[in-house]
Amino acid sequence: MNVKKLRESQWFGILILALMTVLFWAVFKIMAPETFGSYTKVLTYIKTAFIYAIGGCGLYFICVMGPFDMSVGANIVLSSVIAVTASKYFGYAGLIIAPIISGTLMGLINGLVYMKLQISSLIVTVGLSLVYEAIGIFAANGKESVLSTDYRAFGDYPWNIVVAFSAYFICAFILKYTKMGTYAYAIGTNEVVAQNMGVNVRKCKILAFVLCGFFAGIQSILTISYGTSMTSASNLASMSRNFTPLMGTFFGLAFKKYGHPVIAIVVGEIIISFMFNGFVALGAPTTVQNIITGLALLTIVTLTTKPIKGAVVK
Amino acid sequence: MAELLLHAEDIDKKFGITHAVNHVSLDFYKGEIHALIGENGSGKSTFTSMLTGIYTKEHGRFFLEGEEIHPQNQVDANRKGVAIIVQEVGTLSGLTVAENIFLGKEDDFISHGIKHTNAMNRKAQELLNSYGFNHIDATAVIDTYNFEERKLIEIVKSTHFNPKVLVVDETTTALGHEGRRELFKVMKKMKELGNCVIFISHDLEEVLEQSDSISVLRDGVLIDTVPSEGTTVDDLRKLMVGREMSGNFYRTDYGEPISEEVVLRAEHLKVPGELRDFSLELHKGEILGIGGLSECGMHEVGKALFGASYDREGSVTLANGTIIKDIPTAIKNSIAYASKDRDNESLVINDTIRDNICLPSLENLKRNRILHNRDMNAFAEKFAKEMSTKMEGVDQFTSALSGGNKQKVVLARWIGLDSDIIILDSPTRGIDIKVKADIYARMDEMRKSGKSIIMISEEIMELLGMSDRILIMKDGALQGEFLRSEELTDEDLIEQMV
């Protein structure tokens, strides 16, 4: 196998991800040996990374086609509130099923409104975020929703792994073994040609939003189980919950050429988790953390994407 | 008498005020290669686009083997037995070769909602091998292949299911000699199997060579259908244009001396994977032709001279000593460039004719530092009309124009800027003879007015007919040089190319 082939192989992508993970761990471990990176702490970092990676998987379906969904945060808040309420009546069944249904429903609404209005997905999903936040406040009566101690198994190992890996498996399976996966890439490349090839672009885009909502619903199960409570958001306060999953999606997009976007999303979230926690361990102010995390993300994606010279980037 | 396969009855389509296809009725027979020819904008592609579900027809009916068909899109047309190989890129980046071949037909590999990727890859590789394209890997992402190889993949995609009707829409212009041979082989096979090929091409010699019958469209109206046998290129020209056209629309002057004055000098140009070591001198008032096989590196020369190549080594220097390193410097120093890939590299396709023509001249069009719509309209109209662009108005989007008219917009842009050095890559690619004649006449005028032109072309007759000097390239380097002469033949050039 020549060098060019090796660099394009799927294993090369996985190797880069693995090396980056070790590198980030090692850098922070050296800088803060006492407060960062012990075995138990790494398990905690990974635990949070697994949660965000689920939302990253959902966003991947949308971002790979071109649009964005900025309502994932509001979806998670509302679905978590619904999950707490449902768990009071139906136990674990309510905790699992209710947020998945509500998340998927919100995804469907996003998709339908986006296709119906034919305006920017950013505007549609930001607008709907305000609606979802308001519904969340009504649903929780403005109070904090606390998950009963009887239903917190998904907040820790091993059940969080079961849920998270089930979600990753579903995402990877859809991308590789269903028409939706192929069509998502086809639409992202050239919507008109895809349409001429018989791809129902409208249906696929709505389905992408539905899938995004579905994964946001799953993320809500782990979010509420790990955090144990959720306060309803207003004035787009939920927006900050969009960015960590979105960063994982960027990793997925950057590494999709190696054929394993889901692995890249998960490992990407682990790297981001190392960085956030590393800065906390170093006692760096939040502003510095944000600057360095943002720059590191841009550097990683730029170095790994290696765009074709002259290719148009939008 | 051959058996009727496809009957088009009273097909009609309008785009705004343009009557693109005007009540056309046509018959296509089994075991026939039926050419459709006509000037740009004559309605050939619109007619076949309706047949293949890319456009919806406003009126008329298609009957395939006596049964009426209404394709909704290309895949639906495929299911009904009609396929098309389009003029521009018809494959999608980011997908594998196999996914491209079976795009829209994944159901053949799906059971219980699960796509069997391995089975799809296997089948795609079998198909590629059966066409002799063993060098193409079905599992590879299609981006790893060049334009021509992607066209070969498209041939497999459009023909592997043995369609009853195959439309080949101006595909040969995208292919080199080898690619054309492969395409003609496939067309011949289709014919032998009793199917019909509808062949659209502006190369009239090629049309006469490959087809059995030829239908001519002009301004959306069917003019005539003639058998290829016994028909000459001049007969076809007459039918296409509606008047007698002189057989030779190239330059007729020979023996004119080339100016001693060098306006541009390129030395030791190297571009990884494209140019090995290439140098040239361009003289004032000269048309310098550059030819070769499509992958010889000649298309990169245009980019390298214009400062548009990446990782270029060597130098490009103007007579005044200015070094051309990038595109802004090139434009500032009166160099113009029209790329072979018109839609992606020359035009802002989703913008108006006005904006496309005015784009490099915006600085000159400013009045009191402000751009005025009226000035831009007047400027664009002046140069669009000078190039006889067929349009509804300068506000029309370039995407709605035919290939020839798009090229006229590109040329109008640079004429508007009054560039002194004009680099034209495949200036008449996919363009009908009338527009070709217009472009040649314009080039000759420019030459006479002291402009210098570099014409990169895969058409040997064009090189022989228009150039003062011809450089032939092979494997990214200069292979031979010829001076304009009546004695120079296509064999002389081909000998150097291969």
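Q: How many bridges join strand β3 of chain B to strand β11 of chain B, and how do the two strands run?
A: This is a predicted model. In it, β3(B), residues 32–38, and β11(B), residues 213–218, run parallel and are joined by 5 bridges. To place the pair residue by residue, take Ala35(B): opposite it in β11(B) stands Ile214(B).

Q: Which strand order does the open sheet in chain B have?
A: The order is β6-β9-β10-β3-β11-β12, 6 strands with mixed pairing. The edges are held by β6(B), residues 82–85, and β12(B), residues 221–227; each has a single partner strand, so one side of each lacks a neighbour in the sheet. From one strand to the next, the twist averages 20°.

Q: Which strands does helix α5 of chain B lie across?
A: Helix α5(B), residues 147–159, lies across β6(B) and β9(B), the latter spanning 165–169. Relative to β6(B), the helix runs at about 175°.

Q: Which way do the residues of strand β17 of chain B point?
A: The general idea is that side chains in a regular strand alternate between the two faces of the sheet. In β17(B), residues 335–338, Ile335(B) and Tyr337(B) point one way, while Ala336(B) and Ala338(B) point the other way. All four of these residues are buried.

Q: How many bridges join β17(B) to strand β18 of chain B?
A: There are 4 bridges between β17(B) and β18(B), residues 421–425, and the two strands run parallel. Ala336(B) has Ile422(B) as its bridge partner in β18(B).

Q: At what angle do α6(A) and helix α11 of chain A pack?
A: In general, a packed helix pair is described by the angle between the axes and the distance between them. Here α6(A) and α11(A), residues 261–282, pack at about 145° with axes 9 Å apart. Tyr168(A), Cys171(A), Ala172(A) and Leu175(A) make the contact from α6(A), and Pro261(A), Val262(A) and Val266(A) make it from α11(A). By class, this contact has 7 nonpolar residues, with no polar and no charged ones.

Q: How many residues of chain A are in contact with chain B?
A: On chain A there are 20, in contact with 21 residues of chain B. Helices α6 (159–177), α7 (179–189) and α8 (191–196) of chain A each supply at least two residues of the side that touches chain B. The largest share of that side, 6 residues, comes from α7(A). By class, the side of chain A that touches chain B divides into 7 nonpolar, 9 polar and 4 charged residues.

Methods. Residues are numbered from 1 along each chain as its sequence is written. Chains are lettered from A and ligands numbered from 1 in the order in which they are written. This is a predicted model: local features need pLDDT of at least 70, side-chain atom pairs count only at pLDDT 80 or more; totals for chains, interfaces and linings use all residues. Two residues are in contact if their C-beta atoms, placed from the backbone, lie within 7 Å. Ala, Val, Leu, Ile, Met, Phe, Trp, Tyr, Cys and Pro count as nonpolar, Asp, Glu, Lys and Arg as charged, and the others, Gly among them, as polar. Two strands pair if DSSP finds at least two bridges between them. Axes are lines fitted to C-alpha atoms, for helices over the stretch in contact, and angles run from 0 to 180 degrees between N-to-C directions. A residue is buried if 20 or more other C-beta atoms lie within 10 Å of its own, exposed if 12 or fewer, and partly exposed in between; C-beta atoms are placed from the backbone.
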